[in-house]
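Subject: Structure for your review

Dear colleague,

Please find below the structure that I am handing over to you, with its sequence. My notes on what was found in it follow.

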Amino acid sequence: MFTILPSLLSIHPAYLLPRYGNSHTRYVDRRDPVTSHPVGKKNNKSGVNNCDRSNIDAVTIHMMEIARGSAESLFDGVNAHFGVLRNGAVLHLHDESEMLFASHDFNCRSIAVEFEGNYPYDQDKDGEYRWWSDTYEKPRSKQDSPTIDQIAAGRALVKYLRERHRILYIFGHRQACAKVCPGPHLWYNIVKWGVDELGLSDGGISFTTSNKFCSGAVIPADWRDAKWAVDLTGSFSAATFSGPSPIRGNVCIPP
Ligand SMILES: [Zn+2]
């Protein structure tokens with residue numbers, strides 16, 4: 001199969017991503033608007049901290065902790081190379097040659113992918129998950145799982161990046177900084193899927209890493225339970241959107 005890689009490299013992601021995803025998977029190039037946007041990380045070029053971006057070998061999965069609807073420009077401030085929206089759009093926010101401060105010890109080696117949504121972001125003392133939207137006034141409702149089209153688009157993006165950059169690893173942000181990100185839904189349906197179906201490595205069941213800003217934690221055993229699986233045989237429904245969300249929320253941005 002590797003003999004077809006050179007031909008795939010020349011195919012534009014706008015054509016490749018829908019082929020890997022579904023009819024709602026859509027590539028949107030926001031790199032130029034982000035570069036000129038006040039909150040764009042336009043100075044994070046390769047070479048920062050002696051980072052050689054020619055050695056990218058990983059994708060790091062994150063959750064945004066926000067939902068902003070389908071207006072693509074509202075995501076220009078998200079500090080990731082790609083954003084995967086709940087409607088299946090894949091936003092290209094920063095060129096992969098830029099090193100972003102998005103994934104702690106994975107920053108130099110990886111491409112950061114943020115998924116839109118109010119996923120579980122914390123756990124209480126009893127281990128129950130808390131949703132970001134819980135911290136806002138009602139009637140904000142919970143978004144308790146990704147949409148079908150978002151998972152299809154996320155998987156399409158991982159497939160694309162694997163071939164475009166010869167990716168070998170797929171990590172959850174938690175492994176480099178002990179937080180919930182990306183949460184059980186995205187870990188099971190994107191990271192574990194990448195390991196099981198694409199042959200990528202998540203570093204192993206006990207793998208963590210750290211830098212001077214943060215130390216990682218292992219993936220909880222509970223996240224490997226099939227109860228988190230999103231059923232991709234269903235059809236997309238706008239009802240999976242939960243209603244209003246903060247325009248300015250806390251995006252998963254570490255030091
Ligand atoms: Zn994160």
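Two strands are taken as paired if DSSP finds at least two bridges between them. Strand 3 (residues 82-84) and strand 4 meet that condition, with three bridges in the antiparallel sense. Within this pair, phenylalanine 82 stands opposite histidine 92 of strand 4. Please note that the model is a predicted one.

Confidence

The protein chain has an average pLDDT of 82, and 76% of its residues score at least 70. Which elements mark the lowest and the highest confidence in the protein chain? The lowest is helix 1 (residues 5-9), with a mean of 53, and the highest is strand 8 (residues 169-172), at 98. Two stretches call for caution. The pLDDT is below 50 over residues 40-47, a stretch with 17 contacts in the model beyond near neighbours in sequence. It is also below 50 over residues 238-250, where 23 such contacts are found. Where pLDDT is low, the predicted coordinates should not be read in detail.

Six strands make up an open sheet of mixed pairing, in the order 1-4-3-5-2-8. The edges are taken by strand 1 (26-29) and strand 8; each has a single partner strand, so one side of each is left without a neighbour in the sheet. From one strand to the next, the twist averages 25°.

Strands of a sheet pair through backbone hydrogen bonds, in either a parallel or an antiparallel manner. Strand 1 runs parallel to strand 4 (residues 89-92), and four bridges join the two. Valine 28 has leucine 91 of strand 4 as its bridge partner.

Helix packing

How do helix 4 and helix 5 pack? Helix 4 (residues 148-165) and helix 5 (residues 183-198) lie with their axes 10 Å apart, at an angle of about 50°. The crossing of helix 4 past helix 5 is right-handed. Helix 4 contributes Ile151, Gly154, Arg155, Val158, Lys159 and Arg162 to the contact, and helix 5 contributes Asn189, Ile190, Trp193, Gly194 and Leu198. By class, these comprise five nonpolar, three polar and three charged residues.

Helix 4 also packs with helix 2 (residues 13-20), at an angle of about 125° and with the axes 8 Å apart. Helix 2 and helix 4 are therefore likewise oblique to each other, and helix 2 passes helix 4 in a right-handed crossing. Pro13, Leu16, Leu17 and Tyr20 of helix 2 meet Ala156, Leu157, Lys159 and Tyr160 of helix 4. Seven residues of this contact are nonpolar, none is polar and one is charged. Lys159 is listed in the contact of helix 4 with helix 5 and in that of helix 2 with helix 4.

Backbone features

Most residues other than glycine have a negative phi, and most peptide bonds are trans. Two sites depart from this pattern. Histidine 104 has a positive phi, near 55°; this residue is in the loop between strand 4 and strand 5 (110-115). The peptide bond from cysteine 181 to proline 182 is cis, with omega near 10°. Proline 182 belongs to the loop between strand 8 and helix 5.

With kind regards

Technical notes: Residues numbered from 1 in each chain as written. Predicted model: local features only at pLDDT ≥ 70, side-chain atom pairs only at ≥ 80, totals over all residues. Axes fitted to C-alpha atoms, helices over the stretch in contact; angles between N-to-C directions. Left-handed = near helix turned anticlockwise from the far one by under 90°. Contact = placed C-beta atoms within 7 Å. Nonpolar A, V, L, I, M, F, W, Y, C, P; charged D, E, K, R; others polar. pLDDT = per-residue confidence, 0-100. Parallel < 35°, antiparallel > 145°, perpendicular 65-115°, else oblique.
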